[in-house]
Amino acid sequence: MPLPAPELTAEQVLSAFHRDAPYLFMGAAFVALGIVSAAFSGLRRKRDPLLIYLAVYAVLYGLRMWIQSSLLGLTIHDSISFHRLRVGINYVVPIPAILFFDAAGLLSRVGKIAGYALIVVSIVLSTLTFGLGPTALYDRINSIVVIVAMFALVFQSPPLAASARDFSIVRRGLLIFVVLVVFDNLRGVFQYTILSLEPFGFAVFLGCLGYVAARRLLEREQQLSKIQEELEVARRIQASILPAEFPPSPNFRVAARYLPMTSVAGDFYDYVVARSGQVGLLIADVSGHGVPAALIASMVKLAAASHRTQAADPAAFLSRMNAVLLGNTQNQFVTAAYAFLDAQAGELRYSAAGHPPMLLLRGGQITAIEKNGLMLAAFDFASYSTLTHRLERGDRLLLYTDGLVEAANPTGDFFGLDALSELFRQTVGLSPSEAGDRIVSKVRGWSTTQEDDLTLILCEYVG
């Protein structure tokens, strides 16, 4: 049964407070800095490991200063768990510091060996201390390992990938910290009692780490801002290659909708032919997303524009496009569908390359039209054929990319071709422009997030 704690006097408490006041203040400042660093990392879209490790390191060190204060020891001196915590936290504190060094690219091969050896020893000693209780042997082992690891980190060669400026700043801060750490750890080896200067060295070292983290963060934000500016330019360029509104026609009413998943996209559409009695509608979908897909979409534009003379023959048109794109798309492929409508002949000619079926709305009924050859830019032996249908007044055509039918709801269910067909059928009383808006709105309402580009062309034959 533990003995009752001796009654504390006001003089003892006041003396302990005066002795601990600088360390309590510094500990609170370190914890506050760590919390701010963690909060800043949490507010960013992408978590930064440098800020996280800096936050953990600062908080642990600040808490250690409070836990090891004599003022707190006077009030909880008889707790076995608290005693183990006071000692064990010494072994945990270096771990986030080594992880910070590694994440910042400031560890050479020798530095990594020393740093991760220190982590292993720290984990073992802290586990033994928390589980079995502290011993003087653990303190001596920790003191020796810390001293050796610190000197190895200070005198390591600069890593090739490290910034010379960052490495120099951190090395100077670490050198100051090491001198004071060695000073304090020698107290553990030789058992002498002198004022602890390590927290002051830690303040300098933490300032150096904070400088490196802040500079790296600012540099990344500047790079991100530059990338965003370049993406905006790319978005405007890509928007410029898409056709303007379909010109007024006595035979056809055409509307298109294009919603990229990111700033730039791999979906593409074009009015290959847009004159009074004829219209040629092309829609394409490049595999992948982002800038690479957008560049290939630009190539699709050029391939289509260079073969307008074949526009009345969908099979020949796609074959020529395939020949142009083959070998020039860095192993990415393109699906495409092309429809040519001739009002004078009363014909619809259609061909596709690995693309979802075109939908024909006639008399309130939906027909899926599919005449697929192999995808573009993938095979030199690909061949295509043309399917011919008669045109009737009031016919509506819907060409689209797979982003519409593959839009998924929170449970993972696709919107699907059946739902798209029914939705298309319900738009019979709307103009092509209104129908396009209705379809896109319903698909976006189905899915919580847009995981693919959404593109469609809706054409009505008015006679």
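**Close-up views of a predicted model**

**View 1. The lining of the largest cavity.** In this predicted model, the largest cavity is lined by Tyr57, Pro94, Ala97, Ile98, Phe101, Leu118, Met150, Leu153, Leu174 and Phe205. The volume of this largest cavity is about 60 Å³, and by the rule applied here the count comes to two cavities of 30 Å³ or more. When the residues that line the largest cavity are divided by class, 10 are nonpolar, while no polar and no charged residues are found among them. Helix H5 and helix H7, the latter spanning residues 136-154, each supply at least two residues of this lining, and H5 gives the most to the lining of the largest cavity, with four residues.

View 2. Helix H5 covers residues 94-103, and because seven of its 10 residues are buried, the helix is largely enclosed by the rest of the structure. The buried residues of H5 are Pro94, Ile95, Pro96, Ala97, Ile98, Phe100 and Phe101. Among the residues that line the largest cavity are Pro94, Ala97, Ile98 and Phe101. H5 is followed by Gly105, a residue whose phi is positive, with a value near 70°.

**View 3. The second largest cavity.** The second largest cavity has a volume of about 50 Å³, and its lining is made up of Phe101, Leu106, Leu153, Val154, Gln156, Phe167, Val170, Arg171 and Leu174. Two or more residues of this lining are given by each of the elements H7 and helix H8, the latter spanning residues 164-190, and the largest share, four residues, comes from H8. By class, the lining of the second largest cavity has seven nonpolar residues, together with one polar and one charged residue.

**View 4. Strand S1 and its pairing with strand S11.** Strand S1 runs over residues 252-259, and six of its eight residues are buried, so this strand is largely enclosed by the rest of the structure. S1 pairs with strand S11, which covers residues 454-461, in the antiparallel sense and over eight bridges. As one example of these contacts between the two strands, Tyr258 has Thr455 in S11 as its bridge partner.

Notes. Residues numbered from 1 in each chain as written. Predicted model: local features only at pLDDT ≥ 70, side-chain atom pairs only at ≥ 80, totals over all residues. Heavy atoms only, no water. Buried < 20%, exposed > 50% of the residue type's maximum accessible area, 1.4 Å probe, protein only. 1 Å grid on protein atoms, 1.4 Å probe; cavity = no way out; pocket = protein on both sides within 12 Å on 5 of 7 lines; lining within 4 Å. Points joined across faces, edges and corners; volume = space filled by probe spheres on them. Nonpolar A, V, L, I, M, F, W, Y, C, P; charged D, E, K, R; others polar. Pairing = 2+ DSSP bridges.
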